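Please keep the sequence and the 3D view open while reading.

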Amino acid sequence: MESGGHPAEKAAPESTVPETPVTESTVPESTGVSRRRLLGTAGAVGAGGLALGAVGGAAVRAAALDDTPAELASVGSTTVAFHGEHQPGITTPAQSRGHLVAFDLAPGAGRKEAAALMRRWSALAAGLMDGQPAGTDDTGIALDAGPSSLTLTFGFGRTFFDRTGLADRRPAGLDPLPPFSADRLDPRRSNGDLWIQIGADDGLVAFHALREIQRAAADAARVRWQMNGFNRSPGATARPMTARNLMGQVDGTNNPQPSDPDFDRRIFVPPAGAGTPRGGTNSAGGADDWLAGGSYAVVRRIRMLLDDWERLALTRQEEIIGRRKADGAPLTGGTETTPLALDELRPDGQPAIPANAHARISAPEQNGGAAMLRRPFSYHDGIGPDGTPDAGLLFVCWQADPLRGFVPVQRKLDRGDALSPFIRHEASGLFAVPGGAREGEYVGQRLLES
């Protein structure tokens, strides 16, 4: 847990996005939007969230009377590119809504059916991320909404390679994760042949993508498990800041940053001949180019025992984490980004950051430099029969090799993390995520058509 000019002035047709969509980092000052799209956006964010100036209410009323174009809120208009060196949804700033879903190939389906499915899913993802409807039979769930930073990320589980006759191409990084003493894993909600991460800054846009993906699976694959998550919405804070989890803790302070000189080496599998790590080789030890530019996703459903946690005094919570709850700063002082002073002692001679504090145990310097990019969602699945919330973290972390990223850190946490009594790992999955699809290519094509 320790471990963001006006290119399209003319109105777009009602079911399309502007002709020149903006990129993830560029939001237009003015975007042509139909009356129907405006009303859908206004219902989600209110007139105050639209860039309508001082005459917001009047502009909404005028738009309701005719088809005068009006601006789409920046949250709705932002797009993320589908094609590229890496798949989207890895370094993309965390979205406010997410769905994780795993599929198993249907009985009798093999490599041919898997290739056709990935071709369909990739074409669907590219269109949805661009704000386009899913063909003539689109469900209409996200009608009038913009793309809302939608991303779809695809991965292959260990069993996928057996089902498609590609066991000799299975990378060593998909070796099963070791068992951990705190695991209480439900096999029905773990692993899977195929895995998809869906994220968006609008709940209907995210659900629309989930539903269209399921429909496009047709008879080739069946849902194995599915989980829903959320994060803080863009604009909910006065300034950009690290999100909090359901324990109220600032979560993700020590994440690797793309500006770090070794970021790509730690997070993405390099091409053959570029120092390919263990995780980028196949079972015979040779480099596998289909995974170049890809990564490995470890997915864990971590239930938080919130009733027990919330009974603790604030000072005790901070000792367990090793950071101040108010601002995420280390107990040794400074700000959230101040390095942990692991050698500092209290007046009584005890470590200022306790020996079993979560922040200390998971720190890269305590784990031989092991690092992973954590990109989780929170979840809440209701209240159990005993009255306790079924809530916690959909933990997703990315690394070039799980044996050098997730595994050493989790082993150390498993041996003595003060946070362990307050969490329970209930589901787990490990997936190889291919590199990004080039223009005219589908995700996984370099594997499935090799």
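## Helix α6

Buried here means under 20% relative accessible area. The model is predicted. In α6, the buried residues are Val-205, Ala-206, His-208, Ala-209, Leu-210, Glu-212, Ile-213, Ala-216 and Ala-217. They pack against β1 (97-105), α4 (111-129), β2 (151-156), β3 (194-200) and β4.

Helix α6 covers residues 203-217, 15 residues in total. From first C-alpha to last it reaches 21 Å, close to the 21 Å expected at 1.5 Å a residue.

## The ends of α6

Asp-202 caps the N-terminal end of α6. One of its side-chain oxygens lies 3.0 Å from the backbone nitrogen of Leu-204. Just after the helix, Ala-218 has a positive phi of about 50 degrees.

## Packing of α4 on α6

The axes of α4 and α6 come within 10 Å and cross at roughly 155 degrees. Angles over 145 degrees count as roughly antiparallel, so α4 and α6 are roughly antiparallel to each other. Their crossing is right-handed.

From α4, Leu-117, Arg-120, Trp-121, Leu-124 and Leu-128 take part. They meet His-208, Ala-209, Glu-212, Ile-213, Ala-216 and Ala-217 in α6.

## Asn-231

Asn-231 sits in the loop between β4 (221-230) and α7 (263-267). Is Asn-231 buried or exposed? Its relative accessible area is 16%, so Asn-231 is buried.

A polar atom of the Asn-231 side chain lies 3.1 Å from the backbone oxygen of Gln-95. Not counting residues up to four places away in sequence, Asn-231 touches Ala-94, Gln-95, Ser-96, Arg-97, Pro-376, Phe-377 and Ser-378.

How values were computed:
Residues numbered from 1 in each chain as written. Predicted model: local features only at pLDDT ≥ 70, side-chain atom pairs only at ≥ 80, totals over all residues. Heavy atoms only, no water. Helix = DSSP H or I, 4+ residues; strand = E, 2+ residues; numbered from the N terminus. Buried < 20%, exposed > 50% of the residue type's maximum accessible area, 1.4 Å probe, protein only. Polar contact = N/O pair within 3.5 Å; in protein donor to acceptor, adjacent residues only side chain to side chain. Contact = heavy atoms within 4.5 Å. Expected span 1.5 Å × (residues − 1). Axes fitted to C-alpha atoms, helices over the stretch in contact; angles between N-to-C directions. Parallel < 35°, antiparallel > 145°, perpendicular 65-115°, else oblique. Left-handed = near helix turned anticlockwise from the far one by under 90°.
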